[in-house]
Amino acid sequence: MTALFASDLHLEPGRPEITRQFLEFLAGPVPEAAALYLLGDIFEAWLGDDVPDPLGAEVANALSAVSARGTAVYVMQGNRDFLLGDGFCARAGATLLPDPVIVSHAGGRALVTHGDALCTADGAYQRLRSLVRDPRVQRAFLSLPAGARRALATEARAGSRAHLAEAGQYITDVEPSSVEAVLREAGVDVLLHGHTHRPGTHALAVDGRRCTRIVLGDWHAGGSYLRWDARGFELVTLPRG
Ligand code: MN
């Protein structure tokens with residue numbers, strides 16, 4: 001039994017090569033897997049499930065085909081597409097996951113999260129995150145017409161870029177004490193996340209327990225996914241043809 005994990009595709013109409021590679025991934029290794037987990041920032045922007053979106057529809061159709069052939073599809077929201085909801089998931093034949101969530105597979109357990117909630121050294125970002133995750137704020141945003149939502153999202157992305165350009169590398173990475181805290185609370189030895197676009201495998205100790213943190217890569221210059229089967233975990237990169 002194999003489970004595959006990917007995150008941070010940041011699909012957008014202006015980068016059709018990423019969508020093409022993702023659709024190839026769905027046609028290639030994915031059908032042999034028991035489960036596919038998409039851990040957030042699938043889309044560069046998501047204005048709400050009710051806004052007509054040709055790219056979103058194309059991806060939902062492809063995921064729905066994967067799901068119909070027997071691969072369970074799970075979707076988690078990222079910080080770009082935190083408004084992905086039940087409407088999209090129904091069209092994609094997917095299950096929306098809470099963040100974080102414990103995934104049991106191949107006789108093991110892993111704590112799975114997008115990862116932005118672990119970047120606690122970035123106080124400004126965490127304040128923004130609390131705001132945009134507030135159900136009242138989301139309801140207000142979703143009551144706006146699509147054009148107004150698009151304008152606000154564009155403004156927010158410009159602000160985010162300016163902030164990232166200013167903030168130091170360590171500030172925008174996960175905070176080690178937060179990683180330890182979530183592993184301690186969950187009582188599991190493996191943490192899987194994306195968001196930081198710094199793929200790799202890190203060993204750490206939590207109260208003397210040997211733990212592993214695996215970071216998924218982004219799809220900016222090529223594909224990237226994590227394979228989890230009875231032999232363990234393997235980070236795989238897909239060159240872009
Ligand atoms: Mn992210």
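The following legends describe close-up views of a predicted model.

**View 1. The manganese site.**
Four protein residues donate to the manganese ion: Asp-41 through OD, Asn-79 through OD1, His-114 through NE2 and His-195 through ND1. Along the sequence, the spacing of the donor residues reads D-x37-N-x34-H-x80-H. Distant parts of the chain are linked by the pair Asp-41 and His-114, which stand 73 residues apart. Asp-41 belongs to the loop between β2 and α2, whereas His-114 belongs to the loop between β6 (108-113) and α4 (123-132). His-114 has a relative accessibility of 0% and therefore counts as buried.

Most residues other than glycine have a negative phi. Asp-41, although not a glycine, has a positive phi of about 55°. This residue is found in the loop between β2 (35-38) and α2. Because its relative accessible area is 1%, below the 20% limit, Asp-41 is buried. His-195 is likewise not a glycine, and its phi is positive at about 75°. The loop that holds His-195 runs between β7 (190-193) and β8 (200-206). With a relative accessibility of 16%, His-195 also falls under the 20% limit and so counts as buried.

**View 2. The cis peptide bond at Pro-100.**
Most peptide bonds are trans. The bond joining Asp-99 and Pro-100, in contrast, is cis, with omega at about 0°. Pro-100 is located in the loop between β4 (94-96) and β5 (101-105).

**View 3. Packing of helices α1 and α2.**
Helix α1 spans residues 16-27 and helix α2 spans residues 54-68. On the α1 side, the contact is formed by Thr-19, Phe-22, Leu-23 and Leu-26. Their counterparts in α2 are Leu-55, Glu-58, Val-59, Ala-62, Leu-63 and Val-66. By class, the contact comprises eight nonpolar residues, one polar residue and one charged residue.

Six strands form an open sheet with mixed pairing, in the order β4-β3-β2-β1-β10-β11. Strands β4 and β11 (232-238) are the edges, each pairing on one side only. From one strand to the next, the twist averages 20°. Within the sheet, β1 (residues 3-6) and β10 (residues 223-229) run antiparallel and are joined by three bridges. Leu-4 has Arg-227 in β10 as its bridge partner. Helix α1 lies across β1, β2, β10 and β11, and runs at about 155° to β2.

**View 4. Gly-168 in the loop between α6 and α7.**
Gly-168 is found in the loop that connects α6 (146-166) with α7 (176-186). Its relative accessibility is 28%, between the limits of 20% and 50%, and Gly-168 therefore counts as partly exposed. Gly-168 and Val-132 are separated by 36 residues in sequence, and the distance between their C-alpha atoms is 23 Å.

Technical notes: Residues are numbered from 1 along each chain as its sequence is written. This is a predicted model: local features need pLDDT of at least 70, side-chain atom pairs count only at pLDDT 80 or more; totals for chains, interfaces and linings use all residues. Side-chain values use heavy atoms; hydrogens and water are left out. Axes are lines fitted to C-alpha atoms, for helices over the stretch in contact, and angles run from 0 to 180 degrees between N-to-C directions. Helices (H or I, at least four residues) and strands (E, at least two) are DSSP runs, numbered from the N terminus. Contact means heavy atoms within 4.5 Å. Ala, Val, Leu, Ile, Met, Phe, Trp, Tyr, Cys and Pro count as nonpolar, Asp, Glu, Lys and Arg as charged, and the others, Gly among them, as polar. Buried means under 20% relative accessible area, exposed over 50%, partly exposed in between (1.4 Å probe, protein chains only). Two strands pair if DSSP finds at least two bridges between them. Donors are N, O and S atoms within 2.8 Å of the metal (3.2 Å for Na, K and Ca); water is not among the atoms, so sites may look incomplete.
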